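Trainee: Could you take me through a structure that is new to me, one feature at a time, with the general idea ahead of the case?
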Amino acid sequence: MPTKAALAHIPGPPALPLIGHTLTIVKDSYGTQQDYIRRYGPVYKTNMLGVWRVNLCGADAMELVLLDRKELFSSEGGWDALKRIYPGGLLLQDFDHHRANRRIMQAAFRASAIRDYRLRMTGAMADLLESWPNGEPFCFYKAVKDLTLRLGGAVFMGLPLDGPLARQVNRAIQDEIRASLAVIRHPIPLTPMWRGVRGRHFLRETFRKLIPERRAQGGDDFFSQMCLARDEDGRGWDEDQILDQFNLLIMAAHDTTATALTVMIEALASHPDWQDRLADEVAGLGDGPLDEDALAKMTQTNNVFREALRLVPPVPFIPRQATRDFHWRGFDIPAGTSLALNPGVTMLSPEHFTSPTTFDPDRFTPERAEDQSHKFAWTPFGGGAHKCIGMHFSTLQVKLFVATLLRKRRVQLAAAAPEWQRMPIPKPKGGLPILLSPA
Ligand code: HEM
């Protein structure tokens with residue numbers, strides 16, 4: 001990694017000893033970054049917890065780094081902080097090695113597999129939503145995280161919704177996620193990293209035992225599909241590869257979808273006109289099954305989802321590491337430099353979106369198509385080789401959720417709309433208390 005001196009020519013705000021810009025950025029991540037862009041331009045350096053990063057800002061930077069035509073940008077090096085808990089997952093792989101593994105993973109995302117996941121998810125989603133009370137305030141964020149985790153047990157792992165194993169597995173997943181965000185990076189007993197390492201061990205050993213059975217019998221859940229996954233040349237994974245890829249997959253799927261649903265529900269509760277529009281859209285589907293044809297008709301719901309992802313992207317920053325020296329916008333950037341892309345800030349730029357802080361899902365209609373102003377203006381799922389492989393699955397999950405909820409209920413806020421913490425992962429302060437009522 002280059003020293004501070006090697007980055008001396010890159011502009012940036014003065015840094016405090018040890019903590020650098022950490023506190024300022026955590027306190028108001030977007031405001032601070034917008035201010036730095038105004039002061040220093042699209043290339044500037046910051047220091048988070050002792051690590052110097054060069055920020056490359058705007059849609060052109062996203063295009064350069066994510067398309068990565070010259071194999072200049074390593075995702076493995078960028079996501080270094082995930083290495084202890086999620087080694088061997090797609091995000092922690094680069095170039096040919098990554099492409100070969102992504103081809104195998106693709107088998108678990110083919111259309112017929114996604115149809116089976118949807119069938120498995122439909123009933124479970126209805127049962128879980130049924131347990132949410134009418135007329136009694138509760139915190140949506142906590143409830144939806146619990147829902148997606150329990151649903152994940154069924155859809156990702158083929159486990160029953162409840163029961164001791166599902167609960168242990170869910171606890172271990174949460175311990176892993178907390179560890180990946182922990183400030184103390186060594187597994188000192190009782191720290192989040194220690195719990196995360198323990199969680200990883202538990203998950204590996206639990207799922208390792210299931211592999212022979214799933215290989216023999218298959219199943220309509222992600223884990224079974226990954227046990228059987230083969231690329232077009234018939235290449236699959238050994239046990240350790242399945243376990244590593246699966247471990248990263250459940251992390252990548254979990255908080256992201258829960259966050260998007262939280263932003264959507266806050267928006268629907270705050271904009272009753274939009275809630276009515278989506279309720280009408282859902283009513284227009286009739287009482288039949290929520291199959292591919294029905295979900296494809298939910299175009300307004302899709303636009304609300306896209307707008308939620310624009311306003312509060314669940315992955316607010318994308319890290320990479322330079323594999324070689326390169327030059328961009330007048331600056332020489334040395335090999336080994338940690339780089340940060342900030343899609344959330346680009347998606348709030350008036351250069352691409354009118355009144356960018358306003359909730360306005362119609363900006364995605366074909367007539368306005370503001371997201372098309374630049375190929376990389378709207379990038380909540382990233383782009384290029386590492387573009388989110390779960391994008392279609394998460395869209396399906398979100399549509400199923402909205403249809404199942406609005407068929408029976410209406411939602412309102414039970415407190416003032418929350419402020420959002422943006423870093424390290426977005427969260428509504430106060431958890432978004434809501435009130436449900438019968439439709
Ligand atoms: C709203 C929901 C989601 C959002 C916003 C989201 C966002 C992202 C982003 C930005 C990346 C690229 C990161 C990078 O380039 O460094 C990514 C990668 C990934 N996502 Fe998602 N994701 C979501 C849901 C899901 C779901 C549901 C799954 C699994 C079913 C999933 C699995 C993955 C995997 C495995 C990768 C790594 C792909 C690779 O490296 O080739 N994601 N996601």
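Mentor: We will go through the overall fold, then the surroundings of the ligand, then a pair of residues in contact.

Mentor: Please keep in mind that this is a predicted model, in which local features need pLDDT of at least 70 and side-chain atom pairs count only at pLDDT 80 or more, while totals for chains, interfaces and linings use all residues. Residues are numbered from 1 along each chain as its sequence is written, and side-chain values use heavy atoms, with hydrogens and water left out.

Trainee: How many helices and strands are there in the protein?

Mentor: Helices (H or I, at least four residues) and strands (E, at least two) are DSSP runs, numbered from the N terminus. The protein has 16 helices and 12 strands. Its radius of gyration, taken over C-alpha atoms, is 22 Å, close to the 22 Å that the globule rule (2.2 Å times the number of residues to the power 0.38) gives for 439 residues, so the protein is as compact as a globular protein of that length. Along the principal axes, the C-alpha trace spans about 65 × 50 × 45 Å.

Trainee: What share of the residues is buried?

Mentor: A residue is called buried under 20% relative accessible area, exposed over 50%, and partly exposed in between, with a 1.4 Å probe and protein chains only. Of the 439 residues in the protein, 55% are buried. As for contacts, which mean heavy atoms within 4.5 Å, 71% of those between residues at least 6 apart in sequence join residues at least 24 apart.

Trainee: Which residues are closest to the ligand?

Mentor: A residue is near a molecule if one of its heavy atoms lies within 4 Å of it. Here 28 residues surround the ligand, and the closest are His98, Arg102, Arg320, His386 and Cys388. One of these, His98, is found in helix 5 and is buried, with a relative accessible area of 2%; beyond residues up to four places away in sequence, His98 touches Leu90, Gln93, Ala385 and His386.

Trainee: Where is Asp221 placed, and which side chains does the side chain of Asp221 meet in polar contacts?

Mentor: Asp221 lies in the loop between helix 9 (192–217) and helix 10 (222–228), and Asp221 is buried, with a relative accessible area of 2%. The side chain of Asp221 makes polar contacts with the side chains of Arg214 (3.1 Å) and Ser224 (2.7 Å).

Terms used:
Polar contact = N/O pair within 3.5 Å; in protein donor to acceptor, adjacent residues only side chain to side chain.
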